[in-house]
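This report describes the fold of one protein and a group of aromatic residues within it. The sequence and the structure are shown first.

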Amino acid sequence: MRNKPIRSFLVLAGLLALSVPLLAHHGNAQYKDEKITLKGTVTEWRWINPHVFLKMDVKGDDGKVVNWTCELVAPSNMINFGFAGNSFKPGDQVTVITTQVAKTGAPIARLGYNPAQGLIRGWKDTK
């Protein structure tokens, strides 16, 4: 009789331990829907997991330069869209269209699932 509660506890603990990684990924809660176009100069292209990041200096209407961070999908997905670790280098001129920006007002944007569909202009000089 005593083995059943112990076995149940071990199964529950095992399932709980396996489910913890599911909580590691984030959703869209920190972003608000707002379409903006950012034109600027690439400062960094970070080809890392779990997300690729494009950092760029954007001059505002007031003339001040702000360094924006644009979050993209994983490198494995970016490869499917034709991007590579060397797609951008510092100094490249790009235009980014995003529909999600940080709710806090920080210069952080999230690019759509398929950034090759017109979301990054200046890439391969195709747009």
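How many helices and strands are there in the protein? The protein has two helices and six strands, where helices (H or I, at least four residues) and strands (E, at least two) are DSSP runs numbered from the N terminus. Their order from the N terminus is α-β-β-β-α-β-β-β.

This is a predicted model, in which local features need pLDDT of at least 70 and side-chain atom pairs count only at pLDDT 80 or more, while totals for chains, interfaces and linings use all residues. Residues are numbered from 1 along each chain as its sequence is written, and side-chain values use heavy atoms, with hydrogens and water left out.

Of the 127 residues, 32% are buried; buried means under 20% relative accessible area, exposed over 50%, and partly exposed in between, with a 1.4 Å probe and protein chains only. Contacts (heavy atoms within 4.5 Å) between residues at least 6 apart in sequence join residues at least 24 apart in 61% of cases.

Strand 1 (residues 31-46) takes part in two pairings, where two strands pair if DSSP finds at least two bridges between them. Strand 1 pairs with strand 4 in the antiparallel sense over nine bridges, and Lys32 has Val101 in strand 4 as its bridge partner. Six bridges join strand 1 to strand 2 (residues 53-59), also antiparallel. These two strands form a hairpin with six residues between them, and Trp45 stands opposite Leu54 in strand 2.

**Aromatic pairs**

A pair of aromatic rings is described by the distance of the centres and the angle of the planes. Rings of Phe, Tyr and Trp (its six-membered ring) pair if their centres lie within 6.5 Å; planes under 30 degrees apart count as stacked, over 60 as edge-to-face and the rest as tilted. The whole structure contains four aromatic pairs, including the two below.

| Pair | Type | Centre to centre | Angle between planes |
|---|---|---|---|
| Trp45 and Phe83 | tilted | 6.3 Å | 40° |
| Trp45 and Phe88 | edge-to-face | 4.7 Å | 70° |

Trp45 lies in strand 1 and Phe83 in the loop between helix 2 (75-80) and strand 4 (93-102), so their pair ties together parts that are 38 residues apart in sequence. Phe88 lies in the loop between helix 2 and strand 4, so its pair with Trp45 links parts 43 residues apart in sequence.

Trp45 and Phe83 are both buried. Trp45 counts as buried because its relative accessibility is 10%, and Phe88 is buried with a relative accessible area of 5%. Ring pairs link Trp45, Trp47, Phe83 and Phe88 into a cluster.
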